[in-house]
Amino acid sequence: MKTEAVALEEQLTNLVFEPPKWLKPCLIVTGLITIQLFVCVFYVFITGVGTLGNNIPVAWAFPITNFVWWIGIGHAGTFISAFLLLLEQKWRSSINRFAEAMTLFALFQAGLFPILHLGRPWFAYWLVPYPSTMRVWPQFRSSLTWDVVAVSTYFTISLLFWFLGLVPDLALMRDRARTKRQRIVYGIFALGWRGSARTWQRWRIVYGLLGGIATPLVVSVHSIVSMDFAIGIVPGWHSEIFPPYFVAGAIFSGFALVLTLMIPARALYKLHNVVTTRHLDLMARMVLVTSLIVAYSYFAEGLAVRRGHDPFEIHQLFYTRARGPFAWAFWTTIVCNVVLPQTLWLPQARKSALYLFILSLFIQFGMWTERFMIISGSLSADYLPSAWGHYAPSLMDGLILFGSGGFFLFAFFLFLRFVPFIPIRETQKDELT
Amino acid sequence: MSGLLARFEDHHALVEAIHALRARGYTQLDAIVPYEVEEVEHALAIPRTRITWLAGGVSTLCGALALFVLWWTNAHDYRLDVGGRPYFSFWTDVPITYETMILTCGITAFIAFFAASGMPRLHHPWFSIEGTRDGFWLAIDASDPRFDPEVASELRGVGATAVERLDDEA
Amino acid sequence: MGHQLFPAWADTLFRVGLGTVVLGTGLAVVALFGWERSPQVRQEDDERPQPVKFDHRHHVRDDGIDCLYCHSGARKERWAGLPDSQTCMGCHNQIWTSSPELAPIRESVAKNVPIVWNRVTDLPDHVYFHHGAHVQYGLTCDQCHGDVDTMPRVYMAKPMTMAWCLQCHREYQARGATHATTNCTTCHR
Amino acid sequence: MAENEPQIGRRALLEWAAASAALAACARAPVRKIVPYVVQPPEIVPGRPLHYATAWELDGYGMGLVALSHTGRPTKIEGNPKHPASLGATRAIDQALIETLYEPDRARGVESAGEPVSLHEFDERVAHKRVAVLMPPTSSRAIEKLVRRIRSELPGSDVWFHTPLSRANVWAAGKSAFGEAVEPMIDPSKARAIVTFSSDFLASGPSCVRAARKLADKRAADGARLWAIESRRTPTGVFADERVATGAHDRARFACAIAARVLSDSSASDASRALATTLRERAGDVDTRFADRCARDLLAARGAAAWVVGDAEPMELHALAWLVNRALGAVGGPIVATPSPILEAGERSHDLADFSARAASGDFDLVVIAGVNPVYSAPDFDLARSLAGAKDSAYVGLHRNETAALCRWLVPLAHTLESWGDVRADDGTGSIVQPLIDPIFGGITIAEVLARVLGDLAPSGHDLTRDALGLDDGAWNDALQSGVLPSTSSAPTKAAMNEDALVGLVQAWVLPVKHAIEIELHPSHAVHDGRFATPLLLELPEPLTKSTWGNVALVSRATAESLGVGDEDVVKVTAGSHSIELPALIERGQPDGVLSIALGWGRRGAERLADGVGANAFLLREALEKNAPTAIAAGRSEPVARTQINIDLYHRAHEIARSRLKSEKPLAPDTAMRLSLYTPQLSPTAPHAWAMSIDMSRCTGCQACVAACNVENNVPTVGKAGVLNDRDMHWLRIDHYEGDRGVIFQPMLCQHCDDAPCEYVCPVNATVHSPDGLNEMVYNRCVGTRFCSNNCPYKVRRFNWFNYHEDEPALRQLEHNPQVTVRARGVMEKCTFCVQRIRDAEHVADSDHRALARDEVVTACQQVCPTQAIVFGDKNDPNSAVSLRYGLPEAYAVLDDLGTRPRIRYLPKVIDKSPERA
């Protein structure tokens, strides 16, 4: 095998076999935050959702916002690996496993919240149709039952997709392992991959198939999530443009997160040869495009409401959000999601890793406030003025959101520690053929 | 299983060797490659896998099943008036049906892939040969009618750098 | 040969292992459904110990006393009710006056302390069952309580699950009984 | 259950077991017990509640009740239709009787100097001693008899009467008019025009239920215009067609102005015509146009016009009222002068000063304070000193409260639901008070205390009452059955009105001084004078401000600006040496310079929930007689727990709360076609279609329905923090809107929409529709996604954020209605149209093999509503009460455009402005 390929192989496997010094402290810190998360979750389970800030009318607040936010962030992973795979974008291969892992860990977080915010979480399984002694079934006109299927499907498919792509590299890790223990562990996870040409062919086709179904999945999942609001009659929720609008926002925030994670990793692991400036540039373009779609959605929603002459809708959009108690969220959203990304028209901006990193943080914050504004803002002032209320998050809300971030990073550092996070075989292939 | 493994410099040499052997009428050939090399696959004339058809079929069935469950639970077994909505309405059932199809399709394809590739496994004769991880190898199975242990010289003839003999009693 | 990491039998072990995990979880779930429905778990067949050794076989089958004589509420009221100690004494100050079995009842009347029985048929608190409404529509006691007259010690005899209630209501509906409704507030408020 | 288990164990059996175990709602207990009676009382059938007619007195005035008892456990109070003060409805505070009965902080036994002792020791302490008794005013015949005996047999002993909210001014004016303490009884059904001077006679006071009912009916029939001249907005004031906001001074001048016009015009005597000129001078430059219109309206309705004055108004104004009412020919018509049923009304024995002086003198062996709390409500009398001066002191009451803390003896008072006794309504109609349960903590009644003073050591309230009433068995049983003593209402006073005395009084009247800052103290609508410190009432919203858990200082915007305070900024109000601090609220229709503060808060007693909630405005009351009050911003702010913040309609009046002037033509019905993509699923086989109609013209916002709903449906309270976080649980709330034509009260509860938006978003079928049109909420199926609440445009769904009921004291759990599931943590709940009542009625009908009778099912809110604003029933029956209103052209559904097809229709608020309005 050619020497540069071997060199590349060396470089990429050493990322795992010779973990950098900073990894251990990171694992410890994020590990502790994860523990804090589960302590809080346990506390809420025991004491009741009253420990969160939710109330009537704002019965959905932080937890659902976080749920939608995390789900959305996940989307870029599948999008990159699946969509770009179908488009045979070669540049995806150096970042796709990264992005897919990101998807999975984001989905852990997302999955936590809908269950956490239930009044009686221990009955969450009632959303599944199983033959119970009550002979009562779930109610499938509710978008919440759609959510259950969509999210679990999304998680499963992403996991299979990710693992399938991983198997050849696990085999490589097995073969390159330094110690017997490593060989055994990687050997087990490699499931006996032996590089037969026939397997390779089958692998390519099935991998393509999974990519093929993952692409419509990405679109459908966030569309369904958006229907948690769109099928409601709450002014500010009841909007037909939600599905495309949410999907665009999801990919938008997802690419931002890839940047947030990829740029430091690239610097720390010195991967400039693998993740080149061109990669950053291309991702920046994606961010810009999706940002424009999102901006258009905002505009379209406003226009539709203006033309609609529904006093409740108009009040919701043009008072509650733009000038009311949720104005801060609204304007943060506009700045972070619409104004700032426009700087990406400049090539310099697209090529500056540091700038992209900072921008990506703003975008994540902006996407969070957008969801918060839509969910809680709309609820705080719907139809009867007598029932309007305010919302203030509780300490638990904050701790749990913080904790989920820590949990996400913890999982991510584990991934960096044990898994070849740059697809070795695929990059080799791209290098050589 | 047993047979021979012959190592080649790069995949071009491998491809030539494959052509040569196939010309001699060898049928039970396989190759070991570090990453997918489509020339090799073409040379070996591997038939296209039918997993996609299987997955498609299964997912269609499961989709239909899902739709049936939705109808049976909400519109047949326990009819409850829910907000004056119809007991069964196809459009509200689309999302679940659709997601079910995707889910089952993926799972089928995944399982079928490993089954068809004789995986998962931990032990395989090839593993006993040093260097199968990064070399380009040609494998002849002993079950091949033209197979005989003396084929090694023949292989060297078509450019093998090393020839290893396999027998399963490892 | 040194490169073989695992012996040949490891394959079988590995696959069997995987198989058991997958099948095991599946079976566990199925087992749960069975467990939930098993009479043992539902305590259907548990004969409840009672403070007084009262034998329905004797009173109902031998003496032919009507259920409603003691459980008079069942006819029109929500609760069938249990007879007060006085009702027992109604007969038993004539017969078996000195029987040790009846000591608790005599004591109850003497000391004016009620007898504390163990519930046999116990619906959850969020279920509102009206005996009268059922009896008035011609249901017989044994349809829900089994052949109490053959029970030395009374047990529940029927699953008393919601599915079980529904099934009966549906059968009656099918026979055109409009009052056997199956909407939620029929039983839950 | 701890120490009080045996007492209740005897009576409350099966259902109590169910109710208390119902804590673990939605959980299956292993093996539970079942406890039959030893000897089952013939009248008790487990599972079927019993109704007992009884009554209770508040400051002496009786209110007839029907109490509901489940196997010996009272769980609900209803009004007694046969009783003149109730007519079948009640006030909010009457509903709270159930809660005061099961109050965990009740005094639990006789104590002497903090040591538990036997009642017997107390008996010996009081028997034949020189005893001073202070008790609430009463109309009880039994007590009257005992008091007379004490006065005659024990010269050394004496009895005084006290209530924080005295009617002394009313009686005084009555005395000078007729020589005896008479009550001006208002009968709105005979009135076409009524003017009130800061009198909330529709929502508080002994006769408010009857007055509200009759006025509402009269309005609906042929109209009666109500004029209100008052300080803060009261329910009566916003119910009025014409209202002007004034301070005490201007109010007096308005009175003068209107009276002047009436007297000069009417065929009154020379004396009163002379008075008219004086009054005109005094009136000065008040809004003459308003006075003109009002006077003209009254005169036009001569013979059917009435002039009503609030208890707290100056005695001279009450006197003037008699003159004007006579000039208007009202006396004998809408206004009847009835001798007060109150024992020794308006006499010295009602003077607290006299009592505290005598008590301090030390002529008594024992000072007994029974059932009143003067240490809290009359701080300036310094009863601490009086009691210290007395040789020995005893407190007989429900709680160890402020007064009890200063007395050596503490004797538990029997709750009215534990007592035998008799009361008289304001019109004199007598009722028997009968107990529904043995005294839980062995309390004794005040009558029994007095009997003990007379040496009867084992008095029986039953016998005392029977002796006093002297009824034979038949009459006695009839009275117990019906709840009223037949033909006992007192005749109008025979005495002729002493006009000269009245004119003299009014001539000598010195109008209230106008201060820069004026304080209006008024009884709290919820906790009255502070004696009802129960969770239900502490969390009962004030009708207009919707504030709970504490009192506020209501100020006009201008005054707020001059004080430099905004909403929820604390003001320091000072009068003389006393000052209190409480948050301000800017209230519309509040006269400038007037701060309105509710009494009854700031308790410092043994009732833990009320302890330190709000500020005690009684501190200011005496000082305000002499001193000009001041108010300054305290420079901090304190959140006010309000159940409603927004009272504006944001131009949505037509969709939400409609109103029109009587002179305008009726609002057109909604003819817009309601398109639906779905064919309705409601099965046509359903025999009934339950529906409700709410007439906003009849709603006074008195909150009785809210209270009744809470009691009937085991609705938990959430505390101040909960209300502040918008977690209040009221299934039924009364929304308050500032409509285009004045205040609108809109009772808002689950609308039971045919196409309910809450239902199709529930993932587990926990809220679905019944064939008879109920929006069913299945607590035990709910997992708590709260999507239904989000999707409810009326926001009437309530969520159990914590396990509210589990944290209740065990005694409280006895008040639960066993017919309604006690909701556990994490489930949604909401109005069920009292489905338990519907199903029970159906079961009973089934058992009797008959169909439901017309209007047989009555919801709790409908039953308690004084004005019958709420009507419920079967809309399939064209002649049911609800159908008659439901079909009216003006009946509309709130947010109809959403296509939810509600089962509740509202009738717009109709306001009858006087025609000459410029």
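Colleague: How do you know what area is buried between chain D and chain C?

Modeller: Buried area is the accessible area, taken with a 1.4 Å probe, that two parts lose on being put together, summed over both. For chain D and chain C that gives about 4,000 Å². Carbon and sulfur atoms supply 52% of it. This is a predicted model: local features need pLDDT of at least 70, side-chain atom pairs need 80 or more, and totals for chains, interfaces and linings use all residues. Residues are numbered from 1 along each chain as its sequence is written, chains are lettered from A and ligands numbered from 1 in the order written, and side-chain values use heavy atoms, without hydrogens or water.

Colleague: Why quote an area at all?

Modeller: The size of an interface is often given as the accessible area lost when the parts come together.

Colleague: How many residues of chain D and chain C are in contact?

Modeller: Contact means heavy atoms within 4.5 Å. By that test, 43 residues of chain D touch 41 residues of chain C.

Colleague: What makes the pair Glu77(C) and Arg48(D) a salt bridge?

Modeller: The rule asks for a side-chain nitrogen of Lys or Arg within 4 Å of a carboxyl oxygen of Asp or Glu. Here N to O is 3.2 Å, so the pair qualifies. The rule finds 3 salt bridges across the interface of chain D and chain C.

Colleague: And chain A with chain D: what area is buried, and how many residues are in contact?

Modeller: About 4,400 Å² is buried, with 57% from carbon and sulfur atoms. Contact involves 53 residues of chain A and 52 of chain D. On the chain A side, Ile56(A), Arg120(A) and Leu384(A) lose the most area to chain D, together 17% of what that side buries.

Colleague: How many salt bridges cross the interface of chain A and chain D?

Modeller: The rule finds 1. The side chains of Lys795(D) and Asp382(A) meet in a salt bridge, with N to O at 2.7 Å.

Colleague: Why does Lys214(D) with Asp187(D) count as a salt bridge?

Modeller: Their closest N and O atoms are 4.0 Å apart. The rule says within 4 Å, so the pair counts. Lys214(D) sits in helix α8 (residues 208-222) of chain D, and Asp187(D) in the loop between β9 (182-186) and β10 (193-197). Over all chains the count is 96 salt bridges.

Colleague: Why are α9(A) and α10(A) called oblique?

Modeller: Axes are lines fitted to C-alpha atoms, for helices over the stretch in contact, and angles run from 0 to 180 degrees between N-to-C directions. Helix α9 (residues 277-308) and helix α10 (residues 311-321) of chain A pack at about 130°, axes 8 Å apart. That makes α9(A) oblique to α10(A): under 35 degrees is roughly parallel, over 145 roughly antiparallel, 65 to 115 roughly perpendicular, and the rest oblique.

Colleague: What is the handedness of the crossing of α9(A) and α10(A), and how is it defined?

Modeller: A crossing is left-handed if the near helix is turned anticlockwise from the far one by less than a right angle, and right-handed if clockwise. The crossing of α9(A) and α10(A) is left-handed. Among the residues that make this contact are Val305(A) of α9(A) and Leu317(A) of α10(A). By class, the contact has 4 nonpolar, 1 polar and 4 charged residues. Nonpolar means Ala, Val, Leu, Ile, Met, Phe, Trp, Tyr, Cys and Pro; charged means Asp, Glu, Lys and Arg; the others, Gly among them, are polar.

Colleague: Which class of angle do α3(A) and α5(A) get, and why?

Modeller: Helix α3 (residues 62-86) and helix α5 (residues 143-176) of chain A pack at about 45°, axes 11 Å apart. So α3(A) is oblique to α5(A). Their crossing is left-handed. The contact includes Phe67(A) and Ile71(A) of α3(A) and Tyr154(A) of α5(A). It has 7 nonpolar, 5 polar and 1 charged residues.

Colleague: What joins Ile56(A) and Pro57(A)?

Modeller: A cis peptide bond, with omega about 15°. Pro57(A) lies in the loop between α2 (23-47) and α3 of chain A.

How values were computed
Helices (H or I, at least four residues) and strands (E, at least two) are DSSP runs, numbered from the N terminus.
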